[in-house]
Amino acid sequence: MTQKEAMTRQDDRTRRLTEALRDAGVRVTRQRAALLSVLARADDHPEAVELHRRAESELPGISLSTVYRTLSALESQGVIHRHQFEGAPARFEHAESAHHDHMIDVDSGEVIEFASERIEKLQAEIARELGYDIVHHRLELYVRRKGTGSDG
Ligand SMILES: [Zn+2]
């Protein structure tokens, strides 16, 4: 992605997030706007505390509880997804990204995205055999880098 494309995407995201917040009946203060711009630039899976840290460095004065409330409002509008991975605080990401699943490194906490056509097909097959269509799914793999485990 070129820098220009990245800027355009950030602008689109900021606009979408701002609209979603207004739709949720939340006033877009300068502090919340700073949080939205931080969120628009995030391509990882940050926790609320991390988003708070980034927003504070941009424009001080936003409380952690405001960050939580703002994220909840955005989630309820369907523009961001909340991931509750085991043993970690909730992480957030943009809802616009194409479907993918996650691997969580149990040692570093790093979140790795992946997508597998084979897994998607297999899941659909299994559901179909049992008489169902998949509406939605989440797949989380808890992983450890090879050679770093005590039992490996
Ligand atoms: Zn993701």
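Predicted model: local features only at pLDDT ≥ 70, side-chain atom pairs only at ≥ 80, totals over all residues.
The mean pLDDT of the protein is 93, and 97% of its residues reach 70 or more. If we go element by element, the lowest confidence is in helix 1, residues 3-23, with a mean of 93, while the highest, at 97, is in strand 5, residues 140-143.

Now the overall layout. The protein has five helices and five strands, and from the N terminus on these follow the order α-α-α-α-β-β-β-β-α-β. Along the principal axes, the C-alpha atoms fill a box of roughly 50 × 40 × 35 Å. The domain assignment gives two stretches, with domain 1 at 3-94 and domain 2 at 101-143. Taken over C-alpha atoms, the centres of domain 1 and domain 2 are separated by 25 Å, and across the boundary eight residues of domain 1 are in contact with eight residues of domain 2.

For the rest of the talk I will stay with helix 4, and I will take its partners one at a time.

What angle do the axes of helix 1 and helix 4 make where they cross? They cross at roughly 95°, and the axes come within 9 Å; the two helices are therefore roughly perpendicular to each other. On the helix 1 side we find Leu 17, Ala 20 and Leu 21, which meet Thr 70, Ala 73 and Leu 74 in helix 4. Sorted by class, the residues of this contact are five nonpolar and one polar, with no charged residue.

Next comes helix 2, residues 30-41, whose axis comes within 11 Å of that of helix 4, with a crossing at roughly 60°. Helix 2 and helix 4 are therefore oblique to each other, and their crossing is right-handed. From helix 2, Arg 32, Leu 35, Leu 36 and Leu 39 make the contact, and from helix 4 it is Thr 66, Val 67, Arg 69, Thr 70, Leu 71 and Leu 74. Here the division is six nonpolar, two polar and two charged residues.

The remaining partner on my list is helix 3, residues 48-58, which crosses helix 4, residues 64-76, at roughly 115°, with the axes coming within 9 Å. This crossing, too, is right-handed: helix 3 passes helix 4 in that sense, as helix 2 does.

Conventions. Residues numbered from 1 in each chain as written. Heavy atoms only, no water. Axes fitted to C-alpha atoms, helices over the stretch in contact; angles between N-to-C directions. Helix = DSSP H or I, 4+ residues; strand = E, 2+ residues; numbered from the N terminus. Left-handed = near helix turned anticlockwise from the far one by under 90°. pLDDT = per-residue confidence, 0-100. Parallel < 35°, antiparallel > 145°, perpendicular 65-115°, else oblique. Contact = heavy atoms within 4.5 Å. Nonpolar A, V, L, I, M, F, W, Y, C, P; charged D, E, K, R; others polar. Domains from an automatic or database assignment.
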